[in-house]
Amino acid sequence: MKYVLCFLVLLVSCSTGPGSTPMEQDGLKILDQPLSAEIVYSMDNLSAPNELLVPIFDEYRRTPLILHIVWRTTDPPQPTHLAQFPGKKTKQFWDPKHLTPSTDSKLRVRNNLIPMDRLALRMALARAAAFPN
């Protein structure tokens, strides 16, 4: 009986819909309306994200900031794609209907598009952390 229960738990935990997010995150959500969040980064294809985003955002892990990743792809992101954004402070969404506007390889912080360079990212995130809505 114990082994059957373990098997059922394993089976349920492995079938979470399109793509499995990293263990510390909520499951991948499918959007049926545009995402309205304070910090958003859109992935318009299944390529690698900007190499500065994750390490710089990780510097703000002790703040209440949450990074929202929107996958604007026709095919759902696979676990390898979702694993590019680790951490508890990340939430990932799949937007196959392209309801959420693209950020064009920039980070959107409070409706402002931030260029992907070290100073601009740090300034925008520090401002968002210091002055919450």
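This is a predicted model: local features need pLDDT of at least 70, side-chain atom pairs count only at pLDDT 80 or more; totals for chains, interfaces and linings use all residues.
**Note on the sheet and its surroundings**

1. Phe85 is buried, with a relative accessible area of 1%; buried means under 20% relative accessible area, exposed over 50% and partly exposed in between, with a 1.4 Å probe and protein chains only. Trp71 also counts as buried, at 0% relative accessibility.

2. Residues are numbered from 1 along each chain as its sequence is written, and side-chain values use heavy atoms, with hydrogens and water left out.

3. The count of aromatic pairs comes to 1. Rings of Phe, Tyr and Trp (its six-membered ring) pair if their centres lie within 6.5 Å; planes under 30 degrees apart count as stacked, over 60 as edge-to-face and the rest as tilted. The ring centres of Trp71 and Phe85 are 6.0 Å apart and the planes stand at 75°, so this pair is edge-to-face. Because Trp71 lies in strand E3 and Phe85 in the loop between helix H3 (79-82) and E4, the pair ties together parts that are 14 residues apart in sequence.

4. Six strands form an open sheet with mixed pairing, in the order E1-E4-E3-E2-E5-E6. Helices (H or I, at least four residues) and strands (E, at least two) are DSSP runs numbered from the N terminus, and two strands pair if DSSP finds at least two bridges between them. The edges are strand E1 (29-30) and strand E6 (112-114), each pairing on one side only.

5. Strand E2 (residues 39-43) runs parallel to strand E3 (residues 67-71), and 4 bridges join them; Met43 has Trp71 as its bridge partner in E3. E3 and E4 are paired in the parallel sense over 5 bridges, with Lys91 in E4 as the bridge partner of His68. E1 and E4 are likewise parallel, over 2 bridges, and Lys29 is partnered by Phe93 in E4.

6. Of the 5 residues of strand E4 (residues 90-94), 4 are buried, so this strand is largely enclosed by the rest of the structure.

7. Thr103 is located in the loop between E4 and E5 and counts as buried at 0% relative accessibility. A polar atom of the Thr103 side chain lies 2.8 Å from the backbone oxygen of Lys106. Leaving aside residues up to four places away in sequence, Thr103 touches Val40, Tyr41, Ser42, Arg108 and Leu113, where contact means heavy atoms within 4.5 Å.

Note on methods
A polar contact is a pair of N or O atoms within 3.5 Å; within protein, one must be able to donate a hydrogen and the other to accept it, and residues adjacent in sequence count only if both atoms are side-chain atoms.
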